[in-house]
Amino acid sequence: MVSLAWRILTHRKGRTLLALVGMFMAILLVFIQLGLFYAVPQGGMLLYDNLRFDLLLVSDQYEYQAQPGAFPLGRLDRVRASPEVAAATALYFGVAKWKGGAGGAWPDLFVIGVDPKSRVFLPRSIERQRAALERPDTILVDSASRSIFGPLDTGRVVDLGDRAVTIGGHYRLGTGFMGLGVALASTASFGRLFPGRGPGQVNLGPIELKPGIDPAAAAATLRRLAGPGTQIFTRAALADHEETYWTTRTSVGLIFGSGLLISIVVGIMVVYQIVSTQVNRQMPQFATLKAIGYGDGALAATVATMSLLIVAAGFVPALGAAAWLYRLIQQRTMLPVTMTLGHVAAVLGAALGMAAVSALLALGGLRRADPADVF
Amino acid sequence: MSIATSLPGRAALHPVPLAWRNLTANKRRLLRSSGGIGFAVLLMLMQLGFERAFFDSSLMVIRGLDGDLFVQSAHKYQFATQDPFPAAELDAARQIPGVASARPFYADWFDMFWKNPADGKIFLIRAFAFDPDQPVFSFAQINAERGRLKSPDTVLVDRRGRPFLGMDRTAGQSQLNGVTVKIVGNFALGPDFMSDGTVVMSARTFADVLHGAAGNPPGIEAGVIKLAPGADPARVQAALKKTLPVGLSVMTKDQLIAFERKFQAEVSSAGPIFAIGTVVGFVVGMLISYQITYTDVADQLPQYATLKAIGYPTLFLLRVVLEQAALNGLAGWVPAWLASILLFRVIGELALLPMRMSLGITLLSLGLTLGMCLISAAIAVRRVVAADPAEVF
């Protein structure tokens, strides 16, 4: 049946090429919608993806990364004293007016306060610039900050809130959903920028465990140590929490979910049209096969094989084009649209599903193939 | 009925609405082709609807402010950001001829934490405030209940706020920043892409909740100015600019809307995302439509060749194919448009977004549909032009 399907497809090259382009577009469409669907939760994970931690201590009022609530520093100190813990860092979040934006604007800057000696941030550029971060009233600026902040040259002095700060350098982590611009400050500088905040109000407490310690087991012990008003996430639980937040608590899930759903239906329509056109054109031949004794099952297998061949041939170039488009979207929208193995598997599954549904639909026409009618 | 018969002169040559007949000859095929085009159109309609809802939701509050001119900090880069100034600055504005009233509008997007009265969880919300004797909104529900805000620590809540805030329930009271507030009414506004829900209160309650009863009076985010009848907005605007300190800007409502729209378009990712979705829908629709026309032309090639042989000019055949493509497009667009009205309603309610079918979306989607069908038909029609009667038989 494979060779018959192959021959049908290669009989009229122009027509098959058209079918392939159609399949290619249908699969590409699903890739794009799926990429956008996951881009938002992935954007929400940006900071976590760039932090070194096994467990995260947060307030029990934690909503999502940019709205984490706060807990007293003492809770983190207790956790740090535990023998399983290698490091426990306090991260502070604040928002202040950047009084040096383009065209006189004062955009809001998201400031992360961190002990410069900690190794909590993964990007090497941050560790390399520890000396700059340690200087008083000096910040490192995320180079993904929007152009509304004006020039971000090292050495520039800008009023941030009520205090003059110096840009000590740059790093690139991405702004995610933290705001239009993000900067790092030492805990001491942060305290001077936000005098009302006191070091007792910690927003995130990333915890690094000693090698070989099981995070889930350690989480249970540390939860008891940290006490009421706090909670501890493992990395996996945190990823689940953030994804659930973005897909169920905001409009994101519905907006991109509906786009994804419609794109799959459009894909089915495209593949169905391709397969049914092929079947209709070969109707006399199929009827002849029937007349000489081939059963419905054999014809169905031929049609199914045809669909599969078209899907397979359309999938590979669509994957390449999608990877290229993802990069383009990432550059243009700053959304982390990235190709993952999960995406590839999901779209391949969707494409095979589209092929199966459209083959089933086209078979309806085939079953009516009556040798007596055709001639 | 057909476009062809409406043209005098040609009518004698082809009284038969050929495109229509071709289209309706095979009902199954029509269903298949209109289904394919229809879903591609639906994809475009949804993306256009989301884009519009995104901008509309971010402009809803500005549109709901009942004023002709607006005073706000000149350093603001978007409306929904904190940059307050003293309410006393408006005193000077009231002295300017042509100004009927200048009312303070208080707002906060970053420091107001609402306690869900049902489960006790705390969420950041946005808060708006005004003097109950000097209303600033044109929302009827807020204005109808503003009198009740005169008692201290009372609020109106947004019953279209996201469900997890618990604002939709009939709770008698809750807490804002730890201050117990009485819920004395509600209104339907809905979230935007920044805030999940809204609380409206008097300026006095606003100050209590933000700074405590003994704290300093908070600054205002905007001055809402109404003009006296017959006053020239441009002249009053110029006079206000001259009188008010340089740190304040004065905008008409249209300017304020344009200011916010520009920010959303430049800074947020929503514009390009939905544009990508629309373009992809267009390209896929073009492909589906090409496939339809190509197959159809291939199937009808002997008939077209026959028409050519008996003397119909190529131009006529061309027009039949294009007419048929346009009809195919319409056959997909009409059900898709109807379905999208229903989908807009359902998704609008579920996602709490202002999804509405507009004349703009209707015309744009119709234009895109006809565009994709005609372009692809024009590419596919080359075969008819080349059809040689002698070769076909």
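Modeller: Two residues are in contact if their C-beta atoms, placed from the backbone, lie within 7 Å. This is a predicted model, in which local features need pLDDT of at least 70 and side-chain atom pairs count only at pLDDT 80 or more, while totals for chains, interfaces and linings use all residues. Residues are numbered from 1 along each chain as its sequence is written, and chains are lettered from A and ligands numbered from 1 in the order in which they are written.

Biologist: Leaving aside its neighbours within four places in sequence, with which residues is V266(A) in contact?

Modeller: Neighbours within four places in sequence are left aside here. In chain A the contacts of V266(A) are then A26(A) and L29(A), and in chain B they are F39(B), A40(B), L43(B) and V284(B).

Biologist: How many residues of chain A are in contact with chain B, and which helix gives the most to that side?

Modeller: On the two sides, 41 residues of chain A are in contact with 39 residues of chain B. Helices (H or I, at least four residues) and strands (E, at least two) are DSSP runs, numbered from the N terminus, and α2 (13-44), α10 (252-281) and α12 (296-333) of chain A each supply at least two residues of the side that touches chain B. With 13 residues, the helix that gives the most to this side is α10(A).

Biologist: How do the residues of the side of chain A that touches chain B divide into nonpolar, polar and charged?

Modeller: Ala, Val, Leu, Ile, Met, Phe, Trp, Tyr, Cys and Pro count as nonpolar, Asp, Glu, Lys and Arg as charged, and the others, Gly among them, as polar. By that division, the side of chain A that touches chain B has 23 nonpolar, 13 polar and five charged residues.

Biologist: Why is α10(A) described as largely enclosed by the rest of the structure?

Modeller: The helix α10(A) has 30 residues and reaches 43 Å from its first C-alpha to its last, close to the expected 44 Å, where the expected span is 1.5 Å times one less than the number of residues. A residue is buried if 20 or more other C-beta atoms lie within 10 Å of its own, exposed if 12 or fewer, and partly exposed in between, with C-beta atoms placed from the backbone. The helix is largely enclosed because, of its 30 residues, the number buried is 24.

Biologist: Is A88(A) buried or exposed?

Modeller: The place of A88(A) is in strand β2 (residues 85-88) of chain A, and beyond its neighbours within four places in sequence its contacts include L76(A), G205(A) and I207(A). Because A88(A) has 24 C-beta neighbours inside 10 Å, it counts as buried.

Biologist: What is the radius of gyration of chain A?

Modeller: Chain A has 14 helices and ten strands. The radius of gyration is taken over C-alpha atoms, and the globule rule is 2.2 Å times the number of residues to the power 0.38. For 375 residues that rule gives 21 Å, so chain A is more spread out than a compact globule, its own value being 29 Å.
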